[in-house]
Structure formats: structure tokens, C-alpha cells
Amino acid sequence: FSPQGLKAEGDKYKNIFQSGYLLGENIDFSNGEFKHGEFTELDRGFDFYAPQAFYGKDRQPMMFAWLGCGAQELPYAKEDMWIHSLTMPRFLTIKEGKLCQEVPENIKNEYAHLDIDSKRIKPEEDTWYINLTDKQISEIQIGDQEDHLSIKIDWAAGHIVADRSTLKHQFSTEYGIQREVSMSEELKNIEIYYDNTFIEIYLNDGKDTMTLRAFPENVEINLI
């Protein structure tokens, strides 16, 4: 569900609108009681809102959400007359007391899988996917040196920071230019899906996610 008006607490609740979930015991409909744990954000990026859960094939729990929040000054909006999209569909599972989100394999296969064979990668496609496990990498830059999204990584601490301050095109800066995730475990893998400015990041097979927009003029990947 998507409560509005939550005040920011540290690196939590910084989006324009918030979306999250509660885990607990089965609802007692006889007296309307639901015993549950704390409210947990579904996504820790900039641009995730209004998730809709449903059953897919074979009653697999799934979810879509809006990818974009409210009225934003985006580069193409006046010309193309649209500004937002939906996330990819995500499989939902509960693992170790967390709601995890994973990309279906048939959706993943629609993306060009990039081999990490150098520190600088120039994608040939507008939609691409990388899976990082090399703990020597401390930063990912999407864009060139003067205009990029920065993703800083502390593998051992399970900490990741998405920083839009190094992008030429800025928007919604009143809600901050950084988003952070501090996991309760070390980072093991980082999956990044890029689709024409739409970016979805999955940490440790979807235990945490970050959904955001970025508009670098030249799309390349630099691993630092």
C-alpha cells in the first residue's frame, strides 16, 4: 500500500510518495485484527509508486508499479506527451522474513546481456542487463565522465548509494539527489536493467530493489 505524507527518517521515506508492505499473521476477519511487523519500503530508488499485486500463471504472486512520480520536468515530456511507465513485472516471494522481488526469466531474456570484459562498456542496444559480482568494483557510472549516474558500492557492508548529482539533467531535486540501501548482509550480486532511461536495480536476487530514472546524453558503463 502507498501511504502519503511519511516524514523522512535517515535514508528511509525520501520519495515523493511512499510504497511498502507489512508482514504478519493471517488476518482474523472475525474481529478485523492483523498482527504484523513494521512498515517496510518496497523499493529504495527515486521513482517507484503505486504497486499493484496480483496472481500470475499457476497463482505465482506478481507485482507491477508506476515508474515515475507525479508531474516532473523530463526532457521529452512536452514533445512526446508522456512522462512515465510501469516497472517490469516482478515475481514476489518471502525469504528470511523479507518480501523479495525477482524478474521473470522470459522478461530478462528480452534484454541484451552485457559481458563484463573491460572497465568501460559501450552498449549497442537501448535495453541491456548486467549482473555484477566482482567485489573489486566500488562504483558504477552510467554515462560519460561529465554526465552520469553514479552507483557507489560497499560490498562487505551491504551498502549502495545511487547518486544523480553528476547528471546534467536534474529533476525533482527537492526530494534529494541520492538514495541509499543498507542491507543486513553483505552484497553478493547486483543486477541492473536499463531500458531507455528507466533503470531497475536488484540486490542479492531481489532482497532489495532501487527503481529510478536517469538521462545521460551518452550511454556507456564505466566500472571503477
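For the term itself I use a 1 Å grid over the protein atoms alone, a pocket being an open set of points where a 1.4 Å probe fits, with protein on both sides within 12 Å along at least five of seven lines, and lining residues having an atom within 4 Å of a point. Strand 2 (40–41) and strand 14 (178–182) are the elements that each give two or more residues to this lining, strands being DSSP runs of E with at least two residues, numbered from the N terminus.

The model is predicted, so I note that local features need pLDDT of at least 70 and side-chain atom pairs pLDDT 80 or more, while totals for chains, interfaces and linings use all residues. Residues are numbered from 1 along each chain as its sequence is written, and side-chain values use heavy atoms, without hydrogens and water.

I then sorted the lining of the largest pocket by residue class and recorded 4 nonpolar, 3 polar and 10 charged, where Asp, Glu, Lys and Arg count as charged, Ala, Val, Leu, Ile, Met, Phe, Trp, Tyr, Cys and Pro as nonpolar, and the others, Gly among them, as polar.

Next I turned to the second largest pocket, whose lining includes Y21, L22, F34, T93 and L99, and which divides into 7 nonpolar, 3 polar and 1 charged.

Last, I checked the whole protein, in which 47% of the 224 residues count as buried, that is, under 20% relative accessible area with a 1.4 Å probe and protein chains only.

Methods: Helices (H or I, at least four residues) and strands (E, at least two) are DSSP runs, numbered from the N terminus. Buried means under 20% relative accessible area, exposed over 50%, partly exposed in between (1.4 Å probe, protein chains only).
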